[in-house]
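Here is a short tour of one model, written to be read alongside the viewer. Have the chains ready to colour separately.

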Protein chains: 2
Amino acid sequence: MTIREQAMEAAAAARKLAAVSPAIKNKALEAMADALLAEQEGILASNAKDMEAGKAKNMKASLLDRLLLTSARLADMADGLRQVAALKDPVGEIIGGCTLANGLTVTKIRVPLGVIGIIYEARPNVTADAIGLCLKSGNAVILKGGSEAIHSNTKIAAVLRAAAEEAGIPAGSIQFITSTDHAAVQELITLNGLVDVVIPRGSGRLIQAVVGNASVPVIETGVGVCHTFVDAGADYAMAEAIIINAKTQRPGVCNAMETLLVHKGAVQEFLPHMLQALKEKGVQIIGDETVCAMDKEALPATEEDWATEYGDLRLSVKVVENTDEAIEHINKYGTKHSECIVTRSFANARKFQQMVDAACVYANASTRFTDGFQFGFGAEIGISTQKLHARGPMALPELTTYKYLISGDGQVRP
Amino acid sequence: MTIREQAMEAAAAARKLAAVSPAIKNKALEAMADALLAEQEGILASNAKDMEAGKAKNMKASLLDRLLLTSARLADMADGLRQVAALKDPVGEIIGGCTLANGLTVTKIRVPLGVIGIIYEARPNVTADAIGLCLKSGNAVILKGGSEAIHSNTKIAAVLRAAAEEAGIPAGSIQFITSTDHAAVQELITLNGLVDVVIPRGSGRLIQAVVGNASVPVIETGVGVCHTFVDAGADYAMAEAIIINAKTQRPGVCNAMETLLVHKGAVQEFLPHMLQALKEKGVQIIGDETVCAMDKEALPATEEDWATEYGDLRLSVKVVENTDEAIEHINKYGTKHSECIVTRSFANARKFQQMVDAACVYANASTRFTDGFQFGFGAEIGISTQKLHARGPMALPELTTYKYLISGDGQVRP
């Protein structure tokens, strides 16, 4: 099948899937979880081929670890599907409405988006996650995974598709693109009228390529140049704990901190100890002039540093005049993901939360909380950094749209 | 200024505008309405230049009428701005939130999108409408109007901008692109990071060009291939009234009807009289075989007809086996705008409303009601035919996004 044919099949399936009951969708999700475990041997064998190819290509250890599947990881994927089954079904929720003066009733009802394209990189667990969330929200899904995981993903998608269809999900609702050709992506992201939205998940490069070349709607996810600003007179112990957590707990993820901004009034009392604590955790400081003067091991920050998502243990550090300069810096260099102020000042917290343009703006807490599970959504398909449709952690409702049902008894427009 | 410089100015202004109080925004809208009337002479003189150029280019009478401004039309535009002032301010509404187990409070608050680009054609009233709605919803706006109305639009935008800034709106919040070069559109729709969304308003050709070439998010509006399906045993007098209204009241607009679908069981009793009534209203029938056999004046419909938004008094007519075939036809040829069933059957109405994939699905009422004012929204920036972000009539809330404000007392992620 061509990719257009796959999309046509998905679009036809999506219309039927929109009307499938929650009971059948949940039965399918449970069956899919069972199938992952039942077909474990085949899945691990497929994964072994990808691992072998990865090693042959001298793939980095961290990437190989992302690629690796084990019994335990498959069990986690299966658990994930069962958790999705347990979530509230978003489809059919009445989210508004009214009766007009002329007697027409207008009902605003939540419905699936239709066909969702997911473009992702080396993590095979995304295959199961994305299929589970799209299915629960009544959407057909077309998956395009990275070539590194092609054997694992092809097998997982086939296992899940078979189990879903067996449980009553319309045939064609789950599509996996087996071509590893880059042209496949280009075709997928220009299938207007067949694909309702594409969500790229992965590196900034991948996301920018999709955003730049798509003609179907895209939800931009993930890139996070996140800041923490420490105000003068803040609780400096609290600031230190938040910063160590935001920077070092898991430096590779998008809600980790990349830049520390420090009020000039906090420099003397707070900064030397903070830099020391960071260095003890293995953090490489990249500072402005004040910071470099204070710490001889710090590297001088360039203009590019302020806009860089390091994704590792590097941290840029800058001293600012006041909250306004911190806000200005963040609005200039941030990626509208997650930003934090540590302060005792009610007025500064209020101003920071109002004026910083980002999906999640924190006062006195780590940016690492930006996550669908942490927010209590029970799921996450990604973290949107654009403003259209969804912002911040996206869960099931963010995979839906709505329509208006208007009922009358012969009304015509005067 | 280049278009990028205009966008940078708009983005800087947008950050300030997001925090401007409702009182100042409303004062500005009233002042803008006053200014339209006070500067009437200059605006009408600018419009006269456009009208002259239009006539010299042999512009169609209907287009010249759209282009024409009069005292009465300016008064309507001013009234429109005052009506927008009177609407509820969407910015700052708390639309969700919770307190997490760890004590973090999460508040989901409605905020402006930021910078909205509006690309439109010959109607100068769109200039005032769009500026008013964007301003009220706290967004900076960049307008790119059609070359036919360049003098009128330039003048209106200048008058409104001056009045708004005088009333306290941040300078740069209202940008008008004076270049009539097509490259200006291309630049505007690829200013990622500066422009948050582009809304094209006008012909299908304009909209498709924007959708196909934009890298910033787009909201697709307006194209409507709307159907009315008459079920067997429906109240045929009601069906006739709805169809005459949907087709003939204002055939040029997007919520007007383009295709009539008739259940085979309704053909004998309903169709001859219906066709006669349509023809008396000047409607040209383009029918399938059954219809052409019944009406010798009907033209035979081609495959292309079923997908055509005539925008005039042509109507395609097809006989279908049942509700399922009607739904299938609509989902194949419709543009997801507005669709109607006329029926006495509860089950068929329910199935039609559930299975038809469109922004507005009617039972027993004219599709002409798809309109922000008719729906009681008090405003309309366009009718979205895509599923992402907003669907159907878009008013003030649809010009906003949200952010999460998270407040704590030192929480870090375990």
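## A parallel sheet in chain A

In this predicted model, strand β3 (residues 115-120) of chain A runs parallel to β6(A), and five bridges join the two. Within that pairing, I119(A) stands opposite P200(A) of β6(A).

Zooming out, these strands belong to an open sheet of four, ordered β5-β4-β3-β6 (chain A) and paired in parallel. The edges are held by β5 (174-176) and β6 (197-201) of chain A; each has a single partner strand, so one side of each lacks a neighbour in the sheet. On average, neighbouring strands here are turned by 20 degrees against each other, direction ignored. Helix α7 (residues 150-166) of chain A lies across β3 and β5 of chain A, and its direction makes about 160 degrees with β5(A).

## Where the two chains meet

Chain A and chain B each bring 71 residues to their contact. About 5,800 Å² is buried between them, with carbon and sulfur atoms giving 53% of that area. Of what chain A buries against chain B, 14% comes from L388(A), Y404(A) and R413(A), more than any other three residues supply.

Four salt bridges are counted between chain A and chain B. One of the links is a salt bridge between the side chains of K387(A) and D196(B), at 3.7 Å from N to O. On the side of chain A that touches chain B, β16(A) gives the largest share, eleven residues.

Notes
Residues numbered from 1 in each chain as written. Chains lettered and ligands numbered in written order. Predicted model: local features only at pLDDT ≥ 70, side-chain atom pairs only at ≥ 80, totals over all residues. Heavy atoms only, no water. Pairing = 2+ DSSP bridges. Axes fitted to C-alpha atoms, helices over the stretch in contact; angles between N-to-C directions. Contact = heavy atoms within 4.5 Å. Buried area = accessible area lost by both parts, 1.4 Å probe.
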